[in-house]
Amino acid sequence: MIRIIDYGVGNIQAFLTLFKRQGITAEKASTIEELQDATRLILPGVGHFDHAMQCLNDSGLRPELERLVLKESVPVIGICVGMQMLADSSEEGTLPGLGWIPGKVKSFASNPLMAKLPMPHMGWNTLQTKPASRLFQVGFDDEPQFYFLHSYYFDA
């Protein structure tokens with residue numbers, strides 16, 4: 001079961017509607033019990049990094065999520081601030097991240113090579129994937145396109 005983590009931050013209904021339109025079963029999880037049948041996890045997030053981290057920490061879900069992701073290897077994708085939370089930290093806040101993926105989320109503005117680019121970065125871009133990438137093995141073109149709207153990047 002695809003479980004969308006409902007910790008008080010994020011547009012859960014938008015994800016549920018998207019999956020329903022695609023004929024894919026997905027449900028929200030706001031309790032530890034609702035996470036028990038998770039085979040995939042989506043960590044959404046809207047707003048500021050510290051607020052999202054504090055909400056997740058206060059939700060009581062973090063220990064069970066860490067068990068599922070780190071011990072049971074349940075795949076997880078972070079979207080928007082949810083992606084930032086997967087890192088050790090983010091320049092957008094001061095709280096520590098989950099640290100599930102080593103690295104730091106940085107502002108494009110803090111990188112001299114990117115500081116003069118228009119922010120937020122917005123539009124369609126083609127990704128150059130690595131041939132052995134497990135993430136893009138099934139259901140993607142050789143150079144998939146995604147829509148971006150962001151001012152931060154993950155420096156793994």
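**Close-up views of a predicted model**

**View 1. Strands β3 and β4 run side by side.** Strand β3 (residues 40-43) and β4 run parallel and are joined by three bridges. Look for L41, whose bridge partner in β4 is V76. Two strands count as paired if DSSP finds at least two bridges between them; the elements themselves are DSSP runs numbered from the N terminus, with helices (H or I) of at least four residues and strands (E) of at least two. This is a predicted model, in which local features need pLDDT of at least 70 and side-chain atom pairs count only at pLDDT 80 or more, while totals for chains, interfaces and linings use all residues. Residues are numbered from 1 along each chain as its sequence is written, and side-chain values use heavy atoms, leaving out hydrogens and water.

View 2. Axes here are lines fitted to C-alpha atoms, for helices over the stretch in contact (heavy atoms within 4.5 Å), and angles run from 0 to 180 degrees between N-to-C directions.

**View 3. Helix α3 and its cover.** Helix α3 (residues 49-59) has F49, D50, A52, M53, C55 and L56 buried, where buried means under 20% relative accessible area, exposed over 50% and partly exposed in between (1.4 Å probe, protein chains only). The cover over these buried residues includes α4 (62-71), α5 (81-85) and β5 (89-90). Just past the helix, G60 takes a positive phi of about 85 degrees.

**View 4. Two of the aromatic pairs.** Rings of Phe, Tyr and Trp (its six-membered ring) pair if their centres lie within 6.5 Å; planes under 30 degrees apart count as stacked, over 60 as edge-to-face and the rest as tilted. The count by this rule is three aromatic pairs. F108 and Y153 are stacked, because their ring centres are 5.3 Å apart and their planes at 25 degrees. F108 sits in the loop between β6 (104-107) and β7 (121-126), and Y153 in strand β9 (residues 152-155), 45 residues apart. F108 is buried at 10% relative accessibility, and Y153 is buried at 18%. The rings of W124 and Y147 have centres 5.6 Å apart and planes at 70 degrees, so this pair is edge-to-face.
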